[in-house]
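Please look over the sequence and the structure first; the description follows.

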Amino acid sequence: MNDSSTTQVGTLYVVATPIGNLKDITLRAIEVLQNCDLVACEDTRHSQRLFQAHNINTKTLALHQHNENHGSTHIINMILGGDNIALISDAGTPLISDPGYPLLQLAHQHKIPVVPIPGPSAMIALLSVAAINTNPFVFHGFLPPKSQQRLTTYQSWQPLVATHVFYESSHRILTSVEQLLEVFGAETQVAMGRELTKTFEQVFRGNAGELLQLIQANRNYQKGEFVLAVQGENSTKSNTINGEQASLALSLKDHLPPKIAAKIVADHFKINKKQVYQFILDPEKND
Ligand code: SAM
């Protein structure tokens with residue numbers, strides 16, 4: 001029997017795994033998954049492909065949305081008893097539209113050491129190639145499944161000066177993009193990642209009208225896994241420039257004529273030149 005006064009508490013590792021391509025895993029993630037006492041998986045059978053690809057023979061336990069509360073308590077007790085346990089989901093980073101929240105809350109309550117092992121996430125993969133302003137961006141996870149609620153959700157984003165990122169399923173992608181167009185207009189800049197890192201990966205970049213045409217014209221564009229980014233209504237129309245843009249403008253204005261400094265900043269961030277120029281002339285007015 002364990003003497004709890006001498007048992008050293010284990011560690012909970014939260015490990016990101018590939019979103020498609022099995023090679024997209026860090027060396028550290030493999031090491032942790034190979035050496036921990038147990039891996040809590042969303043679906044143990046699904047994770048076997050990953051385990052086989054990387055020679056991971058660690059015991060697994062299922063932790064999914066249907067057994068999360070009970071399963072989390074069990075895992076916490078094992079860690080308190082000295083086990084090192086890794087949490088993974090089917091794909092990408094755990095807790096990003098994936099299970100794990102109750103487990104992390106309990107770990108926090110019990111002061112258990114928690115170590116992130118970062119890696120892939122579909123939303124970050126899309127943002128990294130979207131050529132859409134990411135400063136700031138808001139991640140919404142999955143939108144409500146009901147059409148009317150989704151419409152209301154899109155409408156609620158309108159006042160936000162931000163890029164909106166969300167996940168969408170194959171059976172809703174068409175209506176979702178139709179509604180997007182209805183609320184934000186055909187000219188809104190969007191990016192869509194389909195099947196990222198997989199064999200049929202596609203990245204679309206253009207406006208919402210073009211995206212809708214593409215999806216309507218090609219049924220293949222309605223299959224697979226989707227992540228979308230939408231440049232918020234106001235992010236192109238705002239009268240202000242953000243901190244990063246302001247800092248570059250301020251450092252250039254001391255060395256260059258205002259018009260040239262404004263052009264460099266505007267080209268670099270793909271923002272309105274006049275707006276930057278006005279900021280350079282009167283930084284106080286950047287509300
Ligand atoms: N935890 C994951 C992450 O970090 O990205 C997300 C899990 S969530 C349950 C699954 C959703 O993420 C999919 O329905 C899809 O919307 C998006 N997704 C996951 N993998 C993707 C991929 N390879 N390409 C595009 N979207 C993907």
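M192 touches L126, I173, Q202, V203, F204, L211, I215, Y221, F226, V227 and L228, where residues up to four places away in sequence are not counted and contact means heavy atoms within 4.5 Å. The model is a predicted one, in which local features need pLDDT of at least 70 and side-chain atom pairs count only at pLDDT 80 or more, while totals for chains, interfaces and linings use all residues. Residues are numbered from 1 along each chain as its sequence is written, and side-chain values use heavy atoms, with hydrogens and water left out.

**Nonpolar cores**

M192 is one of the residues with the most contacts inside the largest nonpolar core, together with Y154, L211 and L228; this core has 21 residues. At least two of its residues come from each of α6 (147-157), α7 (173-184), β8 (189-194), α8 (208-217) and β10 (226-231). Helix α7 gives the largest share, five residues. Another core lies apart from it and has 16 residues, including V15, C36, C41 and L50. A nonpolar core is here a set of buried Ala, Val, Leu, Ile, Met, Phe, Trp, Tyr and Cys residues joined through side-chain atoms within 4.5 Å. Buried means under 20% relative accessible area, exposed over 50%, and partly exposed in between (1.4 Å probe, protein chains only). Helices (H or I, at least four residues) and strands (E, at least two) are DSSP runs, numbered from the N terminus.

**The five-stranded sheet**

Five strands form an open sheet in the order β3-β2-β4-β1-β5, with parallel pairing; two strands pair if DSSP finds at least two bridges between them. At the edges, β3 (60-62) and β5 (114-117) each pair on one side only. From one strand to the next, the twist averages 25 degrees. Strands β1 (residues 12-15) and β4 (residues 85-87) are joined in the parallel sense over three bridges, and V14 has L87 as its bridge partner in β4. Helix α3 (residues 68-80) packs on the sheet and touches β1, β2 (38-41), β3 and β4, its direction making about 145 degrees with that of β4. Helix α4 (residues 101-109) lies across β1, β4 and β5 and runs at about 145 degrees to β1. Axes are lines fitted to C-alpha atoms, for helices over the stretch in contact, and angles run from 0 to 180 degrees between N-to-C directions.

The buried residues of α6 are R150, L151, T153, Y154 and W157. Seen down the axis of α6, they fall within an arc of 160 degrees, so they line one face of the helix; the arc is that of the directions from the helix axis to the C-beta atoms. These residues pack against β6 (137-142), β7 (163-168) and α7.

In helix α2 (residues 44-53), S47, L50 and F51 are buried. Their arc of only 100 degrees around the axis puts them on the same side of α2, whereas R45, R49 and Q52 are exposed on the other side. The cover over the buried residues of α2 includes β2 and β3.

**Selected buried residues**

| Residue | Relative accessible area |
|---|---|
| C36 | 8% |
| C41 | 0% |
| F184 | 5% |

The sulfur of C36 is 9.2 Å from the closest cysteine sulfur, in C41, which is too far for a bond. The count of disulfides is zero, a disulfide being a pair of cysteine sulfur atoms within 2.5 Å. F184 lies in helix α7.
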